[in-house]
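Welcome! Please take a look at the structure below, and then we can walk through it together, part by part.

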Amino acid sequence: MVGNYSPAQIADWLVPGRNLFLTIHALGVACFVYIVAKRMVPLLRAERDPRFDQPWARLQRVFKFWLGQWKHPRYKLAGTIHILIFAGFILLAARAFTTLLVGVSENFVMPGLSGRTGRIYDIVTDYAATVVFLCMVVAAIRRLVFKPARYAVPAKYGKGHTADAVFLLGLIAVLMVADSLFAASQAAGHALQGQPAEDLAFLSLPWLLKVALSSTPLATLWAVNVTAYLVHAVTFYFLLCYRPFGIQFHVETSLFSVYFAKLERGMLKPVRWDVSDEHLDQVKSFGVKKFEDFTWKHMLDFYSCADCGRCADNCPANAAGRPLAPRFLTTKARDYAFQHYPVLGSPKESLPLIGNIYSEDEIWSCTTCGACEEECPLLVEYIDKIVDLRRGMIDNGNVPQSLQKPLKALESRGNPYGKLEKKKADWIKAPEFRKGCEVKVLDGKNGADTAYFVDSITSYDDRMQSIGRSTARILDHIGEDFGILGAAEKDSGHEVRRFGEETLFLALRDHNTDAIKAAGVKRLVTADPHAYNALKHDYKDVPPVEHISQVIAREVQSGKIQFNPVENANSVYAYHDPCYLGRHNQVYDDPRTVLDAIPGLKRVEMTRSRDRSFCCGGGGLMLFYEPQEEQRMGVLRVRMAADAGANVIVTACPFCMVNIEDAIKVAGLEGKMSAIDLTELVDQQIVRAADTESLETAKLETATCGG
Amino acid sequence: MARIFAYIVHRSGVVDDSALELAAAGRKIDATAPVTAILTGWGPDFEAACNSLRPSFGEIWKVSNQALAYPNAELVRQALVHVLPPGCILLVPHDHFGIDLAPGLSIKLNSAFASDVLAIEAAEGDALKLVRQEFRGQVSAHVRCDISSGAVINIRPGAFKPEIGAAASGTIVDKSSAAGTLSARRRYVETIAAESGDVDITKHSVLVSIGRGIQEKENVVIAEELAEALGAAVSCSRPVVDAKWMEKSRQVGSSGKTVKPKVYLACGISGAFQHLAGIKGNPFLIAINKNPKAPIFQVADVGIVDDVLEFLPELTNKVREARGVAAK
Amino acid sequence: MEILVCVRRVPDTSENEIQLNAAGNDIERDELVYSINEADNYAVEEALQIRDRVGGNVTVVTVGAEDDEEILRRQLAMGANQAVLLYDEAFTGSDGKGIATVLKDFVQKGHYDLILTGVQADDGAAQVGGMLAAMLDYPFASLVNAITVADGKLKVSREIEGGNREINEIDLPCVLSIQTGINEPRYVGMRGIRQVASVPIPTVGASDLGIAKGTVGEVSAKVKRIDYFVPALSKGAEMLNGSREENAEKVLELVGAKGGLK
């Protein structure tokens, strides 16, 4: 208190200070509670979402991602600024609370923050407020002067958000200044009157303000003190009540969005959490068609997005110029929620989302690569939402013609090409291959320990069959007792599910599950990361599955696989992490271990690698979809490899191979860049027991594959 | 054997190529009997068309009626029902008009109908042994057509080689009065011409034509580069237009444009007859296709089994080298 | 508007390999998968769109057997209001005219403003629509690629040569045969079919239709298929068997020789 007064003790206004501030608190809190309650209304109408399990695991994630701000440093400057602001806010919480309550009860002290602890706390928070203030200035300058690209809002998505952002930054700065001024004027007043003055942290904002006020007369100090206090209180409550109207709501909701975030990667939400697969026929409407079809957690995600643009910045569809940027999926939904569930007034009529806030192409453009989810500091989920929106479109029969044909073929023939089932195992019959490697077909007469799940593209595509043959030779070499399911194997259905055709997916899954069980195998292996992900996360009751790169890495380390040195000294290899092997399943090291075990192999790392790998363009049904785009994702990726100094791209996924080989041609890099699958390279370099003939065969097979 | 008629399609005074093909088909049915041409229309162009048939047909039945100025199949059908003798055999080209006219005509005449016939193998008393195709041309079928009460037979354009028969006397018989009053519940309004686009493929002597084998829109540029090097134009088959990789104005075929180039490169085109129907004048046809069994190799002069995406750039390089332009 | 769409179940050419059987007189039918004839699917979609614009009812009908129910059900899942199967022993072996006769008798038992068929099916005959119209004495238009309905009048566009479009006015009731590409048919999947699994599809036979004996079936067919065959390959093209480079050079030479290089 300045002099002998404190804001609580104001007696000569209309209302005594104590009562005034009590009223402000009551109004502020009541407003906030009301606003939040109105914001929760759509969540009450939303679909169910069971996120209350595994509390300990969830709490750990809260520590890592919320408190620990784990994802923020992926963007160094913005990340650092945010970590400082966040830390500042956490530290300042008790101080703010105290300051507010002092207006009602002038001697209020936070329990546990009295005496020495209190003084240390005050010093720390003096610095905290200063840091937050400086961060506000830096952030505002960044927004206004440097204008980072990822904050930009293209015209088709609406107005820019810069004005709102700067306004909020300004208000927080005001809050810091008001609090500091309150403390500074108080300390200055005590000092002036020769009373024990609070120690303000040296060179902190309050300290500097106190110095500035050191020769101010007492009456002025009192005015400054009261004004600062009032400004603080009003600004605090204004911010509190304003936040739920924009991106700043994440201040409140982030804790929950992180706590309730998805625990298992790679798996998709079912059509309805409370409906088992067998009862799906009873569900009247599949997928998300209107806003209320989203689950409450997804709606919470819309509220929690901080509009940082990191997702869109890493989205390959966005980079390719497709009409999709994840950030705007969220902001448009949020705007819809704010409009249709206003704080003042009653909810408005529900509109279909597709055709109103979303376009069809926008939703079909996603390759489900997961870069957005990997990047988001608030753990906002995207893939489930896109799959749900696709389910809704499929349910309405609204499917691009280019996708209808492969879906129809999948239904009739179990593969998107419409090829005959009995030809699925034809790839094992290639004469040169057969001489060196007899592949068993697990048709009831033959059994094996392991089933090699080949999947559609590797079985039927002339080029990709080479991956199948290399994989078979590798398994043969390490003495694995394996076979293939042959005609009994249908498409894994991985993309079918992610394109929203849940019913067809379930039919494929059930058929394959029966075939796998009938074969009586104990393990599954595949060279196709999409099949791998499906068998691991989408299928239940099947034996454990490994990707071939994991098998090879293990046998490299055990010594069972040895390599001949690379012959071409000019080859520089770059490994491209397939989305469904790397990001979704975190298999980053095994393929690299394998490559590094090849003597003389020069390997470089692309700037975007591992969990920041850039999607090749997508697999499965995505190969049939005709997107509107300015560039192909594959072309962008191939240029990244060239920029890293590589002339050979190694992939571990047949779809990556399709896209990359195609992109090499389109980018005009034929002759300068080539692509090879990991299995083909391993097959080529493996040391075989003095059998030069099969070595030549292997080389013949892979002769067109570069390397 | 019943009397054989050939329905003659004509435009702006010029008779369609199918006229002589139908004459040839008629002679396959009955080598001895003359084929009578029959045509409907109105005005000086129609008269010119009738006259132009004199060297090729012994008798020409002319049905002149103002209502038939535009060939509305509904009206033509009525006229023919009134004019044609019962039990006759009428040959019609299997084009957009023949498809419109013939099936209903066969019902009104109470005769048999055979559609899209490629060959007439035998005439055995009351029946003809015909050849048709099914399943989009993947298999052929022998068909027996009972002609005891007459028949309407649609002949596939281009299936029969046009013949100029024995010297014809070319008498024009005016059957207009027999047509009767014609009225129909379908009225012709207008014809909307296809957008001409920037390139008129009918004017080029060399065409680089692409089909499904080009695989994606982005690959069309491969054909464009070759066309540029050759001074040719790029045309295409229907699936390419349906997939929206090229405009309709580039389509060669029965529902697209008819072209008469000197050289036709069929790249990744399977050879469906609807496409081939658009190629007239017997150009030198070079076919490139990954599938050695593609029907196009039956009609091409020279064939190469290869992936067009690989072959065309190679060819473009050769052309550029030959013309002294640096190969890319 | 009461709309009837006549459809047919055919072996899908893109999902089957059509081959002759061992005896050489028919195609190999063991592993065929079937679907609705592509042009008929466009016709049903068009009917649904017209119904949704002007109101009314869409019925799909086929002349077939029990196996053909699956495509009728698929079209119900697509949105058709009713489906009817016209089946009778007496219908087997019908030629195009026989099928049109069965359909004609069915049409006359009801009342339809607009009857649609696909332009042609797997046998490429393109005949049933035209025949049906003549039997009913309704106006007919084939190769229709656009339909507009205004004040109970119909304007249709026909696909003619050169990509041109012939615009006609046509009175109702009429028969139209629909060309592929007229619209973008909606997707129907397994789920849709399951949702209409219990909708009854009545079977109507010869006596229900009052069909005169001898007008349908094999006995009345004037056009009968004798066999399937693959024609002996004519000489065909001269195949170039060199390397890619050699082939390209040869092609360049030939193009020049034929006057193709300016």
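## How chain A is put together

Let us begin with contacts along the chain. In chain A, 78% of the contacts with a separation of 6 or more are made by residues 24 or more positions apart. Keep in mind as you read that this is a predicted model.

Chain A has 707 residues, and 48% of them count as buried. If you browse its secondary structure, you will find 28 helices and nine strands. Along the principal axes, the C-alpha atoms of chain A fill a box of roughly 100 × 60 × 45 Å.

## How confident is the prediction?

For the model, the scores are ipTM 0.91 and pTM 0.90. Chain C has a mean pLDDT of 92, with 99% of its residues at 70 or more.

Which element of chain C has the lowest mean pLDDT? That is strand S13 of chain C (residues 238–239), with a mean of 88, while strand S1 of chain C (residues 2–6) has the highest, 98.

## Where chain C meets chain B

Now turn to the place where two chains touch. Here 68 residues of chain C are in contact with 70 residues of chain B. The largest share, nine residues, comes from H7(C). By class, the side of chain C that touches chain B has 32 nonpolar, 16 polar and 20 charged residues.

Strand S13 of chain B (residues 186–192) runs antiparallel to S9(C), and six bridges join the two. To find your way along this pairing, look for Glu190(B), which stands opposite Ile167(C) in S9(C).

## Two domains in chain B

How is chain B divided by its domain assignment? The assignment gives domain 1 (4–179) and domain 2 (201–322) of chain B. Their C-alpha centres lie 32 Å apart.

These domains touch each other too: seven residues of domain 1 of chain B are in contact with seven residues of domain 2 of chain B. On the domain 1 side, the touching residues are one nonpolar, two polar and four charged.

Definitions and conventions: Residues numbered from 1 in each chain as written. Chains lettered and ligands numbered in written order. Predicted model: local features only at pLDDT ≥ 70, side-chain atom pairs only at ≥ 80, totals over all residues. Helix = DSSP H or I, 4+ residues; strand = E, 2+ residues; numbered from the N terminus. Buried ≥ 20, exposed ≤ 12 C-beta atoms within 10 Å, placed from the backbone. Contact = placed C-beta atoms within 7 Å. pLDDT = per-residue confidence, 0-100. Nonpolar A, V, L, I, M, F, W, Y, C, P; charged D, E, K, R; others polar. Pairing = 2+ DSSP bridges. Domains from an automatic or database assignment.
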